[in-house]
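Subject: Structure handover

Hi,

Here is the structure, with the notes to go with it. Please read them side by side.

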Amino acid sequence: MREINASQITEVVETLCIKANEHLPGDVKNAIECCRSREDWDIAKGVLDQIVENYEIADEQNVPICQDTGMACVFLEIGQDVHITGGDLSEAINEGVRRGYDKGYLRKSVVKDPVRRGNTGDNTPAMIYTEIVPGDKINVTVGPKGFGSENMSMIRMFKPSAGLQGIKDFILEVVETAGPNPCPPMVVGVGIGGTFDKAALLAKKALMRPIDTANPDPYYADLEVEMLDKVNELGIGPQGFGGKTTAIGLNIETMPTHIAGMPCAVNINCHVTRHASEVI
């Protein structure tokens, strides 16, 4: 049994909150630059050039890529041979978010109550997702989620009779309805299976997966390619001005489900698909 002090988790979360908000992952940068090279619409090329310039400035000056520094979504894969000592796990994570958003001068965007509002003042609480896995390490991923894109996400509880075509049509419906609102080019996370809540979690986890990787199942890997092509054929384009680049990536995650259902969730993210990880 390996012991990990809660203070270590706080320190890692603090660092990752700042890193994720200031430095776009390499897979996302590469996808944007690749799409820029294929664009032939002047306005679309100009917008993508500004996006590249923006994240280059963020890298050089260590400042946030976007003014919406998001709600901190924290994913932990906790080894079953780990014993966390010295404090409460949730409080350790929230203290890391608190410190990271303060130290990094990141905008605090969380309200105390969904209806009555009132800012918490420190961007807590984080949205915490834990998974117990083999081993004696903890893999921490912080994905700040902006709500211009989060607001355009949807879930639908399909009956099995809807089939694959129903899922394809739903993905395109969500993206087309989103239009320019999530600051395209977007990344599309799709979760299929499980229950109402699990499908949504799968879709969010899909956004944490590098967009230059494919689903390990060839059936879904092919579907990712097909649907990314179809999304880009919608012609929404960068910032909604038209062009070939409506999305730079589309990831699908699946899990078993009930014989009577086929839940499908689509979680939209803007081109600023932020995530940073560290293993403790």
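Ile171 is in contact (heavy atoms within 4.5 Å) with Val190, Met227, Val231, Leu250 and Val266, leaving aside its neighbours within four places in sequence. This is a predicted model, where local features need pLDDT of at least 70, side-chain atom pairs count only at pLDDT 80 or more, and totals for chains, interfaces and linings use all residues. Residues are numbered from 1 along each chain as its sequence is written, and side-chain values use heavy atoms, with hydrogens and water left out.

**Cores**

A nonpolar core here is a set of buried Ala, Val, Leu, Ile, Met, Phe, Trp, Tyr and Cys residues joined through side-chain atoms within 4.5 Å. Buried means under 20% relative accessible area, exposed over 50%, and partly exposed in between (1.4 Å probe, protein chains only). The largest nonpolar core has 25 residues. Ile171, Val188, Val190, Ile192, Leu250, Val266 and Ile268 touch the most other members. Two or more residues come from each of α6 (163–178), β7 (186–194), α8 (218–232), β8 (247–257) and β9 (262–269). Helices (H or I, at least four residues) and strands (E, at least two) are DSSP runs, numbered from the N terminus. The top contributor is α6, with 7 residues. Another core, of 23 residues, lies apart from this one; Ile9, Ile93, Tyr101 and Ile138 are among its members.

**Helix pair**

How do α1 (residues 6–22) and α4 (residues 89–103) pack, and at what angle? Their axes are 7 Å apart, at an angle of about 40 degrees. Axes are lines fitted to C-alpha atoms, for helices over the stretch in contact, and angles run from 0 to 180 degrees between N-to-C directions. The pair is therefore oblique (under 35 degrees is roughly parallel, over 145 roughly antiparallel, 65 to 115 roughly perpendicular, the rest oblique). In α1, the residues that meet α4 include Ile9, Val13 and Cys17. On the α4 side, Ile93, Val97 and Tyr101 are among those in contact.

**Backbone points**

Most residues other than glycine have a negative phi, and most peptide bonds are trans. Check these exceptions:

- Thr124 and Pro125 are joined by a cis peptide bond, omega about 5 degrees. Pro125 sits in the loop between α4 and β4 (127–133).
- Pro184 and Pro185 are also joined by a cis peptide bond, omega about 15 degrees. Pro185 is in the loop between α6 and β7.
- Asn62 has a positive phi, near 55 degrees. Asn62 is partly exposed, at 44% relative accessible area.
- Tyr105 has a positive phi of about 55 degrees. Tyr105 is exposed, at 73% relative accessibility.

Best wishes
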